[in-house]
Amino acid sequence: QLQASGGGLVQAGGSLRLACTVSGVTFAHVSVAWFRQAPGKERECVGFMSRSTDIQYYADFVKGRFMISRDMSMNTHYLIMHSLKLEDTAVYYCAAGTSYGGTTYSSWDYWGQGTLVTVSS
């Protein structure tokens with residue numbers, strides 16, 4: 001089970017940290033991804049971290065602004081977002097899986113419920 005949290009309203013240029021708490025599976029055995037879906041658009045992969053942490057992927061539209069980290073003691077992954085733009089407004093989802101990762105929906109086995117991020121001008 002995945003529980004995403006931390007969404008909210010933030011001004012453009014600001015920062016926000018999302019959290020994804022993993023339960024029911026061994027934390028160290030799963031890779032974790034972040035996806036987002038803006039109104040009227042398809043869900044897209046923001047980035048992922050492999051279970052061994054040696055593979056990290058970030059979409060071009062967030063590269064240099066977003067970072068994924070994890071705290072194994074808390075069974076939690078984080079999506080740290082800086083320099084937020086209006087176009088970052090979306091529902092953000094975390095996903096987990098036993099593969100090394102992937103940018104498609106089908107690459108992931110478990111999904112959280114999503115948390116809304118709204119960036120205002």
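1. Start with S50 and its neighbours: leaving aside residues up to four places away in sequence, S50 touches S31, I55 and Y100, where contact means heavy atoms within 4.5 Å. S50 sits in the loop between β5 (44-49) and β6 (56-58). The strand names come from DSSP: strands are runs of E of at least two residues, helices are runs of H or I of at least four residues, and both are numbered from the N terminus.

2. A word on what you are looking at: this is a predicted model, in which local features need pLDDT of at least 70 and side-chain atom pairs count only at pLDDT 80 or more, while totals for chains, interfaces and linings use all residues. Residues are numbered from 1 along each chain as its sequence is written, and side-chain values use heavy atoms, with hydrogens and water left out.

3. Is S50 buried or exposed? Its relative accessible area is 0%, so S50 is buried; buried means under 20% relative accessible area, exposed means over 50%, and partly exposed is in between (1.4 Å probe, protein chains only). The side chain of S50 also makes a polar contact of 3.0 Å with the side chain of D54. For a polar contact, two N or O atoms lie within 3.5 Å; within protein, one must be able to donate a hydrogen and the other to accept it, and residues adjacent in sequence count only if both atoms are side-chain atoms.

4. Now look at strand β1 (residues 2-5). Its covered face has L2 and A4, and its uncovered face has Q3 and S5. Strand β1 pairs with strand β3 (residues 16-22) in the antiparallel sense, over four bridges; two strands pair if DSSP finds at least two bridges between them. Within this pairing, A4 stands opposite C20 in β3.

5. C20 takes us to the disulfide. The structure holds one, a disulfide being a pair of cysteine sulfur atoms within 2.5 Å. The partners are C20 and C94, with their sulfur atoms 2.2 Å apart. The torsion about their S-S bond is about 75°, so the disulfide is right-handed. Because C20 lies in strand β3 and C94 in strand β9 (residues 90-97), the pair ties together parts that are 74 residues apart in sequence.

6. How accessible are the cysteines? C20 has 0% relative accessibility, so C20 counts as buried. C94 is buried too, with a relative accessible area of 0%. C45 is in no disulfide, and the nearest cysteine sulfur, that of C94, is 12 Å away. At 7% relative accessibility, C45 also counts as buried.

7. How many salt bridges does the structure hold? There are four; in a salt bridge, a side-chain nitrogen of Lys or Arg is within 4 Å of a carboxyl oxygen of Asp or Glu. Side chains of opposite charge can pair when their charged atoms come close. R36, E44, R65 and D88 are linked in a network of salt bridges.

8. E44 is partly exposed at 31% relative accessible area, whereas R36 is buried at 5%. R36 also meets D88 in a salt bridge (2.8 Å, N to O). This pair links distant parts of the chain, 52 residues apart: D88 is in the loop between β8 (76-81) and β9, and R36 is in strand β4 (residues 31-37). Both D88 and R36 are buried.

9. Finally, compare K63 and D60. Their side chains meet in a salt bridge (3.1 Å, N to O), and both residues are exposed.
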